[in-house]
Amino acid sequence: MERNNKIFYRYSLNNARHLGEVSLWRESHVANIECKQAIEEAIARDFNDNILDDNCAKSVIDKFGFERTNFVLRCTIRKAMHDGRYSELNKTWAKQSRVADSNFRNKYAVNAHPTLLNGFVDEARQEWDKLGLFNSVHINTSDEAKNYEGKILVLYPDVLKDEYKTPNDQLFLATSGFGCEPNKIGRSVSGYFLSDEEFATFDRSSFYGVIDEKYLPQWAEEKANQLLNVPTDDISMT
């Protein structure tokens with residue numbers, strides 16, 4: 001299956017105009033509609049003997065990626081929150097998005113029977129869960145953890161390409177940047193991916209926060225110690 005590699009643009013059209021990125025927004029808009037149509041085709045193809053075949057959702061995710069597929073599904077449910085044929089779990093899931101609300105457009109709503117689409121969403125969520133990613137449950141919420149410098153952070157998975165959506169690739173050692181401090185005007189946080197020591201810079205909003213020490217893999221703690229050039233166990237995770 002040929003992969004759709006068009007960028008998924010998460011910012012609003014107004015922001016795109018301000019940034020001179022309208023062409024990127026339009027490209028993403030077209031791909032969103034293509035993804036919506038692919039979901040409709042997959043459901044029509046794979047609904048047999050009153051059930052959806054296995055890998056129905058996976059076939060769309062494999063072509064369009066998690067971010068776009070999940071976005072289109074969330075958009076569809078958010079347009080029909082009153083419909084009792086969608087489960088409460090899926091309705092709650094649909095509300096979880098870091099995409100601008102103005103991007104949730106009627107053109108992206110999947111035209112399929114809600115019961116079938118609810119099953120499709122169930123499978124899509126199961127595929128996501130198989131990734132075993134860190135989330136807000138794994139974060140240290142203490143006041144001290146709000147300062148990021150010298151600490152191991154957890155990246156939101158939507159920052160990463162699908163091939164790097166792994167728990168290891170979510171772990172990032174913050175070393176500098178005004179964004180390390182919560183009250184500074186600057187938002188940049190610089191540091192290293194612990195998986196391969198690649199240096200990078202992100203906006204502070206790209207992170208869940210500091211990982212809770214009880215969820216920190218030993219290899220990551222050791223790698224952070226090496227990068228900070230401090231004795232073992234001296235690095236602070238709180």
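I looked up the lining of the largest pocket by class and found nine nonpolar, five polar and 12 charged residues, where Ala, Val, Leu, Ile, Met, Phe, Trp, Tyr, Cys and Pro count as nonpolar, Asp, Glu, Lys and Arg as charged, and the others, Gly among them, as polar. The model is predicted, with local features needing pLDDT of at least 70 and side-chain atom pairs pLDDT 80 or more, while totals for chains, interfaces and linings use all residues. Residues are numbered from 1 along each chain as its sequence is written, and side-chain values use heavy atoms, without hydrogens and water.

I noted that helix α3 (residues 56-78) gives the largest share of that lining, five residues; helices here are DSSP runs (H or I, at least four residues), and strands are too (E, at least two), numbered from the N terminus.

Next I turned to the helix pair α2 (residues 22-46) and α5 (residues 114-129), which pack at an angle of about 105 degrees with their axes 11 Å apart; the axes are lines fitted to C-alpha atoms over the stretch in contact, and angles run from 0 to 180 degrees between N-to-C directions. That makes α2 roughly perpendicular to α5 (65 to 115 degrees). I then listed the contact (heavy atoms within 4.5 Å): Ile39, Ala42 and Ile43 in α2 meet Leu116, Leu117 and Phe120 in α5, a set of six nonpolar, no polar and no charged residues.

Last, I checked α7 (residues 218-228), where Ala220, Glu221, Lys223, Ala224 and Asn225 are buried (under 20% relative accessible area, 1.4 Å probe, protein chains only). These buried residues pack against β3 (152-155) and β4 (171-176), and just after α7 I recorded a positive phi of about 55 degrees at Asn229.

Terms used. Angles under 35 degrees count as roughly parallel, over 145 as roughly antiparallel, 65 to 115 as roughly perpendicular and the rest as oblique. Buried means under 20% relative accessible area, exposed over 50%, partly exposed in between (1.4 Å probe, protein chains only).
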